[in-house]
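Here is a short tour of side-chain contacts, written to be read alongside the model. Please keep the viewer open as you go.

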2 protein chains.
Amino acid sequence: MFIEEVRDMYDAEQRLTKALPKLAEESTTPELKAAFESHLGETETHITRLEQIFGMFDRKAQTDTCKGMKGIISEGEDILDEDTDPWIKDAAIIAAAQKAEHYEIAAYGTLRAWARILGRQDVEQLVEFTLEEEKKADEKLNGIASRLNARAASVRG
Amino acid sequence: MFIEEVRDMYDAEQRLTKALPKLAEESTTPELKAAFESHLGETETHITRLEQIFGMFDRKAQTDTCKGMKGIISEGEDILDEDTDPWIKDAAIIAAAQKAEHYEIAAYGTLRAWARILGRQDVEQLVEFTLEEEKKADEKLNGIASRLNARAASVRG
């Protein structure tokens, strides 16, 4: 079950490495573009950590289709196709990205708990690093969204 | 954009009302069964609140396929089909449910922020009630998972 979830996330993170450059490209706010570019680097690190975890259980790294992330990304792509005001689009892109982040926060939270039951502190530590980075990425998006919303409200005001 | 997201969640919550009874049925731990049953009641309230929100914007309540939740639920159904130890299955069911909760936490967080920009405090308040219930449901699952894991570890130990 643990390895199945690792395979699921190995697929999810690889899907994200393809989605993040599109999100960066379609974002207007420079701060948002930069956030996606920096999270792409982190995502690559998360993939490497999952590969380390496969190794720690003497398993070959392989993916299992992550239907949850597939749905979330497909929903995000629909947003990218929409023709709307740049700031509304940026707000919608942030919303889509936060769904992906929260999916990962839930999944890595589970993997951390399971690593603990398996008595694998080494694995737990690796999962913890990734979990903290996902949480920080989500908080960063929260910050960008507030600033964007404050600007939008002052324009409207 | 706000109404589109409300339609998305209107679909997501309806999918959940169909999925929750299956999760309750397949759970072994009584505490977990009870948690899903009580969350079903809350989910019905969330649907009513979304209908109120449609009304507040003079819109007809209608759904828009929520691909994210569809993927998460389909992933959860695959778990229900697996034949494994009851406690492992319960742990996997909790993991699947927490992905759904986190998806909703991200989505309602976005709706709350957007209601604020639109200057609709009445809507913001309704979204806030639901958001708090989703967060509490996630924390409750965290608690059940820890107790389940502690028992599993003591059996193993």
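How many salt bridges does the structure hold over all chains? There are 24 of them, a salt bridge being a side-chain nitrogen of Lys or Arg within 4 Å of a carboxyl oxygen of Asp or Glu. This is a predicted model, where local features need pLDDT of at least 70, side-chain atom pairs count only at pLDDT 80 or more, and totals for chains, interfaces and linings use all residues. Residues are numbered from 1 along each chain as its sequence is written, chains are lettered from A and ligands numbered from 1 in the order in which they are written, and side-chain values use heavy atoms, leaving out hydrogens and water.

| Salt bridge | N to O distance |
|---|---|
| Lys99(A) and Glu5(B) | 2.9 Å |
| Asp8(B) and Lys99(A) | 3.8 Å |
| Glu128(B) and Arg112(B) | 2.8 Å |

Lys99(A) is buried at 4% relative accessibility, and Glu5(B) is buried at 10% (buried means under 20% relative accessible area, exposed over 50%, partly exposed in between, with a 1.4 Å probe and protein chains only). Asp8(B) is buried as well. By contrast, Glu128(B) is partly exposed at 24%, as is Arg112(B) at 21%. A network of salt bridges also links Glu5(A), Asp8(A), Glu75(B) and Lys99(B).

Now to the rings. Arg120(A) lies over the face of Phe57(A), 4.9 Å from the ring centre, and the charged end of Arg120(B) sits over the ring of Phe57(B), also 4.9 Å from its centre (NZ of Lys or CZ of Arg within 6 Å of the ring centre and within 35 degrees of the ring normal).
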